[in-house]
Amino acid sequence: MKLTYFANWKSCLRTLVLTMMVIVAVLAVKPAAVQAKASDYTKDTEGWIEACQKVGRDLTKYNFTYGSHNKPTLSASIKHGRRANCASYVSWCLQEFGVLKKGQTFYTRGGRIHKRFKSWRGKVKIIKVNKKAKDVKLQPGDIIGWRDIVHTNIYVGKNGKGQKLWLDGGSAGTRRGRVRRYYSADKIKTFSYLNKHKISFIIRIKGL
């Protein structure tokens, strides 16, 4: 009787130890990082701005620097180079939101759009402007191509003082210094110097 009891006790102890080992192993496994998808964002201005800010946070998180020779996707650039400029930032935002397919990018030069893809697939409206920013009525979420500076960024709205607000992946969205690093590309700022510059065109996402 005593031998049977002892055997049962040892069996219970082994079961308890194995159970604890399984619990510890499960708790030690880190959950996989959840990657945002275009379908995760609401298809309105709020969702679009959220997608842009997510890209901006990644530029800061992965210690990007301002520069050219950018990769066609954010994920590829994280792995190789970690550089971004105004056009790659906006292109990656459009990819994040699902307007552009992964790998599709564009840039502006001389007030014109230069696409690295065939078609916008009817997802945007291009509005020609050719006026100074202070004289243009913009809609929150508009992507702006500038005429007298090589630049593109995203208009967010106005603050309580009536100042225009922007999301910007250009040099103005970086910290000044020997190397211009992205510490604020996800932050909405005034960038008041833009008021005196001319807007060449607006890219407006349909449905916003």
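Is Tyr155 buried or exposed, and at what relative accessibility? At 4% relative accessibility, Tyr155 counts as buried, because the cut-off for buried is under 20%. The close-ups below come from a predicted model.

**View 1. Tyr155 and Trp166 form an edge-to-face aromatic pair.**
A search of the whole structure finds six aromatic pairs. In the pair shown here, the ring centres of Tyr155 and Trp166 lie 5.4 Å apart. Their planes meet at 70°, so the pair is edge-to-face; the cut-off for that class is over 60 degrees. Tyr155 belongs to strand 7 (residues 152-158). Trp166 belongs to strand 8 (residues 164-167). The pair therefore ties together parts that are 11 residues apart in sequence. Trp166 has 0% relative accessibility, so Trp166 counts as buried.

**View 2. Phe106, Phe117 and Trp120 make up one aromatic cluster.**
Look at two of its members, Phe117 and Trp120. A pair of aromatic rings is described by the distance of the centres and the angle of the planes. For Phe117 and Trp120, the distance is 5.0 Å centre to centre. The angle between the planes is 85°. This pair is edge-to-face. Phe117 and Trp120 are both buried.

**View 3. Lys43 lies over the face of Phe97.**
How far is Lys43 from the ring centre of Phe97? The distance is 4.2 Å.

**View 4. Strand 3 and strand 4 form a hairpin.**
Strand 3 covers residues 106-109, and strand 4 covers residues 112-115. The two strands pair in the antiparallel sense, over four bridges. Find Tyr107 first: opposite Tyr107 stands His114, in strand 4. Two residues lie between the strands. In this hairpin, Gly110 takes a positive phi near 60°.

**View 5. The second largest pocket is lined by 18 residues.**
Its volume is about 300 Å³. Which residues lie nearest the centre of the second largest pocket? They are Asn70, Asn85, Ala87, Tyr107 and Arg116. Strand 3 gives the most, with four residues. The lining of this pocket divides into seven nonpolar, eight polar and three charged residues.

Technical notes:
Residues numbered from 1 in each chain as written. Predicted model: local features only at pLDDT ≥ 70, side-chain atom pairs only at ≥ 80, totals over all residues. Heavy atoms only, no water. Phe/Tyr/Trp six-rings, centres within 6.5 Å; stacked < 30°, edge-to-face > 60°. Buried < 20%, exposed > 50% of the residue type's maximum accessible area, 1.4 Å probe, protein only. Lys NZ or Arg CZ within 6 Å of the ring centre and 35° of its normal. Pairing = 2+ DSSP bridges. 1 Å grid on protein atoms, 1.4 Å probe; cavity = no way out; pocket = protein on both sides within 12 Å on 5 of 7 lines; lining within 4 Å. Points joined across faces, edges and corners; volume = space filled by probe spheres on them. Nonpolar A, V, L, I, M, F, W, Y, C, P; charged D, E, K, R; others polar.
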